[in-house]
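Visitor: I would like to learn how to read a model of this kind, one feature at a time. Where should we begin?

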Amino acid sequence: MFFDPETWVAIAFVVLMVVFGYLGVFKKAMAALDHRAERIKAELDDATRLKQEAAKVLADYKARSAAAEREAADIIANAKSEAERIATEAKAKMEDFVARRTKTAESKIALAEAQALADVRAAAAEAAVQAASTILSQSVRGQVADDLLAKGITEVRQKLN
């Protein structure tokens, strides 16, 4: 049995383990493993804390984004209603402007008609006066003719104007 290499390997292994135990290698290895486990646990705790903070930041971002979208929708709705109001006002102003311009044009037309009618009456009066003076001058002579002519001309002008 002492000549088997497996026996000597087993004896060397047992001796090595005893020496390691005597020197405290197992305690140091366990302390190192415990230290590493604590470090890994701290890193996991930090990762969990960071994950929770990221979730809070994401929720805050989503809330802000939703608020911004609602605000944008409100702004758009207000802009549309304001545009409709302005369009309505512009339409009303335009209709009022057109009505005033139409009324002004109609009054100018009426004034032009009245002026044309007055011009026609004046021309007719002048023509009547000329015709009457020609007729009277050919048929009536002397002082009586001049008085009748002047009186007739005055009456015609007064009636036609």
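Visitor: What should the 19 residues of helix α1 (residues 5-23) span at 1.5 Å a residue?

Guide: First, the ground rules. This is a predicted model, in which local features need pLDDT of at least 70 and side-chain atom pairs count only at pLDDT 80 or more, while totals for chains, interfaces and linings use all residues. Residues are numbered from 1 along each chain as its sequence is written, and side-chain values use heavy atoms, with hydrogens and water left out. Helices (H or I, at least four residues) and strands (E, at least two) are DSSP runs, numbered from the N terminus. The expected span of a helix is 1.5 Å times one less than its number of residues. For α1 that rule gives 27 Å, and the end C-alpha atoms are 27 Å apart, so the two agree. Just after α1, Gly24 has a positive phi of about 85 degrees.

Visitor: Which feature does UniProt place at residues 6-26?

Guide: UniProt positions are given in the numbering used here, feature names are shortened, and annotations may be inferred rather than shown by experiment. The unreviewed entry gives "transmembrane region" for residues 6-26. In the model that span is 95% helix and 0% strand, with its end C-alpha atoms 25 Å apart. The UniProt record, also unreviewed, lists residues 30-96 as "coiled-coil region". Residues 30-96 are 100% helix and 0% strand, and their end C-alpha atoms lie 97 Å apart.

Visitor: How many helices and strands does the chain have?

Guide: There are 3 helices and 0 strands, in the order α-α-α along the sequence.

Visitor: What radius of gyration does the chain have, against that of a compact globule of 161 residues?

Guide: The radius of gyration is taken over C-alpha atoms, and the globule rule is 2.2 Å times the number of residues to the power 0.38. A compact globule would come near 15 Å, but this chain has 61 Å. Its C-alpha trace spans about 190 × 25 × 15 Å along the principal axes.

Visitor: What share of the residues is buried?

Guide: Buried means under 20% relative accessible area, exposed over 50%, and partly exposed in between (1.4 Å probe, protein chains only). Buried residues are 4% of the 161 in the chain. Gln115, in helix α2 (residues 25-139), counts as partly exposed because its relative accessible area is 47%.

Visitor: How far apart in space are Gln115 and Glu43?

Guide: They are 104 Å apart, C-alpha to C-alpha, and 72 residues apart in sequence.
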